[in-house]
Amino acid sequence: MERFREMLRADREKLKGERPSQIALYIWDYYRIPIIAIIAVLSLAGYLLYLQIAVPKENWFYACFANTYADYGRGSNFYAGLADYANYDLKEKQLVINCSIYCNPSKRTAGNRYYDSLVTLMDAGALDVVVMGREDIEALGRSGRLLDLSSEKGEGLSARWKDRLTFSVPEDTEEYGDQPLPIGIDLSGSRVIGDYAAYAEDAWLGVNAESSHVDQVDVFLNYLFDVG
């Protein structure tokens, strides 16, 4: 520390009487590395503080609309409408709408990074619902990753949406049995079907078996079907 003070004293003597531009150039030439390091540390500290204070750490709900070019994410009317309909305080928690997954679980998935991302989100319990075509939802159901909508955790979803169900027999019959389970809900007639919407016709919703926000699925469905 004393050596650093001596360097500063020597520099002050050396720069005495110089123009401000020359002083600035000298400081930059000799001290730019520590200056850059200090700026980087302060920027990182500021960003971490921002994350700590301003960015919610938990989600109200996380929905994935797969295989569409629609943008229902933050800033869209769909996003704002859902947040308002569900009374989500976005300063408290996040609402996540992901429209960036492109894969078909009913076909070959090896090496598909989108499928790998989807599975990672589901297995981690981050994702709550996924919307895909019927064949793909049924394939996810066979993998055991979709919630049995008639189960206790399903909170009566199969009864409330009984006219719109599709079924799958999970491949792991030892754990799930060999009976078809309700795993998907038909979204035909909802706001995500039709011209200028996410899907032309075929769209089904599956609930992640690892979801911790199953209580919000009915809210989401009611919003999709304009239930007041």
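Predicted model: local features only at pLDDT ≥ 70, side-chain atom pairs only at ≥ 80, totals over all residues.

Reader: In what order do the strands of the open sheet run, and what is the pairing?

Author: The order is E2-E1-E3-E6-E5-E4, which makes an open sheet of 6 strands with mixed pairing.

Reader: Which strands stand at the edges?

Author: E2 and strand E4 (165-168) do; each has a single partner strand, so one side of each is left without a neighbour in the sheet. Between neighbouring strands, the average turn is 25 degrees, with direction ignored.

Reader: In which sense do E1 and E2 pair, parallel or antiparallel?

Author: Their pairing is parallel and extends over 5 bridges. Within it, Cys64 has Asn98 of E2 opposite.

Reader: Which strands does H3 lie across?

Author: H3 lies across E1 and E2, and its direction is at about 140 degrees to E2. Helix H5 (residues 134-142) also packs on the sheet, where it touches E3, E4, strand E5 (181-186) and E6. The angle between the directions of H5 and E4 is about 45 degrees.

Reader: Turning to the largest nonpolar core, which residues touch the most other members?

Author: Phe65, Ile97, Val192 and Phe220 do, in a core of 38 residues. Elements that each supply at least two residues include strand E1 (59-65), helix H3 (77-85), strand E2 (94-98) and helix H8 (217-224). H8 gives the most, with 5 residues. Apart from this core lies another, of 18 residues, which includes Tyr62, Ala66, Leu127 and Trp204.

Reader: And what is Ile97 in contact with, leaving aside its neighbours within four places in sequence?

Author: With those set aside, Ile97 is in contact with Ala63, Phe65, Tyr72, Gly73, Phe78, Tyr79 and Leu82.

Reader: Back to H8, please. How many of its residues are buried?

Author: H8 is mostly covered, with 6 of its 8 residues buried. These are Val217, Asp218, Phe220, Leu221, Tyr223 and Leu224.

Reader: What covers the buried residues of H8?

Author: The cover includes E1, H3, E3, helix H6 (157-160), E5 and E6.

Reader: Is Asp226 buried or exposed?

Author: Asp226 is exposed, because its relative accessible area is 54% and the cut-off for exposed is over 50%. Another positive phi in a residue other than glycine, near 60 degrees, belongs to Asn67. Asn67 is in the loop between E1 and H3 and counts as partly exposed, at 29% relative accessibility.

Reader: Which side chain does the side chain of Ser211 make a polar contact with?

Author: The partner is the side chain of Asp128, at 2.7 Å. Beyond neighbours within four places in sequence, Ser211 is in contact with Leu127, Asp128 and Lys153.

Note on methods:
Residues numbered from 1 in each chain as written. Heavy atoms only, no water. Core = buried A, V, L, I, M, F, W, Y, C linked by side-chain atoms within 4.5 Å. Buried < 20%, exposed > 50% of the residue type's maximum accessible area, 1.4 Å probe, protein only. Helix = DSSP H or I, 4+ residues; strand = E, 2+ residues; numbered from the N terminus. Contact = heavy atoms within 4.5 Å. Pairing = 2+ DSSP bridges. Axes fitted to C-alpha atoms, helices over the stretch in contact; angles between N-to-C directions. Polar contact = N/O pair within 3.5 Å; in protein donor to acceptor, adjacent residues only side chain to side chain.
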